[in-house]
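Subject: Structure handover

Hello,

Please find the structure below. My notes on it follow, and I would be glad if you read them with the coordinates open.

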Amino acid sequence: MARSLPAMVLVAALALAGLAAGARAGDIAIYWGQNGNEGTLAQTCATGNYKFVNVAFLPTFGKGQTPVLNLAGHCNPATNGCTGVGADIKSCQSRGIKVFLSIGGGVGSYGLSSPADARKVAKYLWDNYLGGNSKSRPLGDAVLDGIDFDIESGGSLYWDDLARELKSYSRWGRKPVYLAAAPQCPFPDASLGAALATGRFDYVWVQFYNNPPCQYSASAGVGGLASAWARWTSIRAGRVFLGLPAAPQAAGSGFVPTSDLVAQVLPVVKNATKYGGIMLWSRFYDGLTGYSDAVKSQV
């Protein structure tokens with residue numbers, strides 16, 4: 001019996017190591033909606049690669065504008081042509097995937113003019129995409145899991161008000177309203193700094209691309225990314241994700257080859273207790289390169 005003790009200790013140690021590794025296991029988030037050649041939303045979720053899908057974008061809202069959805073070549077919301085996407089949303093959710101509506105984007109006409117404007121936009125999002133009962137829901141009767149803030153223009157004011165208002169609707173619906181954000185990697189983000197400081201965000205996928213000082217490159221190494229990552233994982237948020245382009249042509253700079261991601265970057269970012277995984281832009285590019293297929297077992 002005495003000789004079996006070391007074996008028992010070894011098994012216990014391995015079990016603890018497994019639990020620790022499991023705690024750092026991450027998921028993959030993806031953006032879908034900006035290329036008609038990327039397949040349907042249901043097909044995207046059926047890959048089994050993603051736990052979060054951001055339907056992109058609602059690029060027109062706020063400041064008195066009528067909100068307008070833009071899903072590029074997928075459907076035409078002006079003719080109620082996107083309501084069928086609702087069935088795909090439900091299909092994704094049945095697989096345990098959270099689906100968000102992404103507001104903003106790199107190109108659009110959006111912004112908030114006041115706290116009252118933020119409340120109005122929150123009410124619109126609740127009624128038309130979340131748990132409300134509007135008869136003019138652009139994506140049909142599907143109830144999305146939350147809203148993703150991809151705010152890259154439109155000023156920096158009142159996004160904190162919008163976050164607080166949206167989160168307050170959690171007490172009215174059948175399920176919580178989750179909030180996500182996609183800030184740039186320079187810390188703090190110029191547009192979303194105040195909003196993220198509210199602590200209302202469940203998921204933050206930081207864009208570690210198109211910003212050379214805080215992105216990885218073979219020549220610069222992981223130092224700049226590691227420094228920025230340490231700051232981002234210190235914020236009040238649920239889980240923080242490493243945002244990456246899924247192909248070299250998906251961004252101006254910041255593409256990380258899968259071999260470098262696994263060998264150089266993931267060992268650094270997975271040390272953070274708030275590590276949530278990676279975010280990829282976008283499903284179209286991921287379909288071209290197979291990036292998520294190559295790294296999902298390591299994320």
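In which loop is Y158 found? Y158 is in the loop between strand 6 (146-151) and helix 5. Helices here are DSSP runs of H or I with at least four residues, strands are runs of E with at least two, and both are numbered from the N terminus.

Two remarks on conventions. This is a predicted model, in which local features need pLDDT of at least 70 and side-chain atom pairs count only at pLDDT 80 or more, while totals for chains, interfaces and linings use all residues. Residues are numbered from 1 along each chain as its sequence is written, and side-chain values use heavy atoms, with hydrogens and water left out.

Most residues other than glycine have a negative phi, and most peptide bonds are trans. Y158 has a positive phi, near 75°, and is not a glycine. Its relative accessibility is 24%, so Y158 counts as partly exposed (buried is under 20% relative accessible area, exposed is over 50%, and partly exposed is in between, with a 1.4 Å probe and protein chains only). A72, also not a glycine, has a positive phi of about 45°. A72 sits in the loop between strand 3 (60-61) and helix 3 (85-94), and it is partly exposed because its relative accessibility is 36%.

There are cis peptide bonds to check as well. One joins F187 and P188, with omega about -5°; P188 belongs to the loop between strand 7 (178-181) and helix 6 (193-196). Another joins W281 and S282, with omega about -5°. S282 is placed in the loop between strand 10 (275-281) and helix 9 (283-289).

S113 lies in the loop between strand 5 (109-110) and helix 4. With 44% relative accessibility, S113 is partly exposed. Apart from neighbours within four places in sequence, S113 contacts K63 and Y158, where contact means heavy atoms within 4.5 Å. S113 and A25 are 88 residues apart along the chain, and their C-alpha atoms are separated by 40 Å.

T40 is in the loop between strand 1 (27-32) and helix 2 (41-46). T40 has a relative accessible area of 33% and is therefore partly exposed. Neighbours within four places in sequence aside, T40 is in contact with W32 and D88. From T40 to V262 the C-alpha distance is 29 Å, at a sequence separation of 222 residues.

Helix 4 and helix 5

Two packed helices are described by the angle between their axes and the distance between the axes. The axes of helix 4 (residues 115-129) and helix 5 (residues 159-168) come within 8 Å and cross at roughly 40°. Each axis is a line fitted to C-alpha atoms over the stretch in contact, and angles run from 0 to 180 degrees between N-to-C directions. Helix 4 and helix 5 are therefore oblique to each other (under 35 degrees is roughly parallel, over 145 roughly antiparallel, 65 to 115 roughly perpendicular, and the rest oblique). On the helix 4 side the contact is made by P115, A118, R119, V121, A122 and L125, and on the helix 5 side by D161, L162, E165 and L166.

Record annotation

An unreviewed UniProt entry places the feature "domain: GH18" at residues 26-299; such annotations may be inferred rather than shown by experiment. The end C-alpha atoms of residues 26-299 are 5 Å apart, and the span is 29% helix and 20% strand.

Regards
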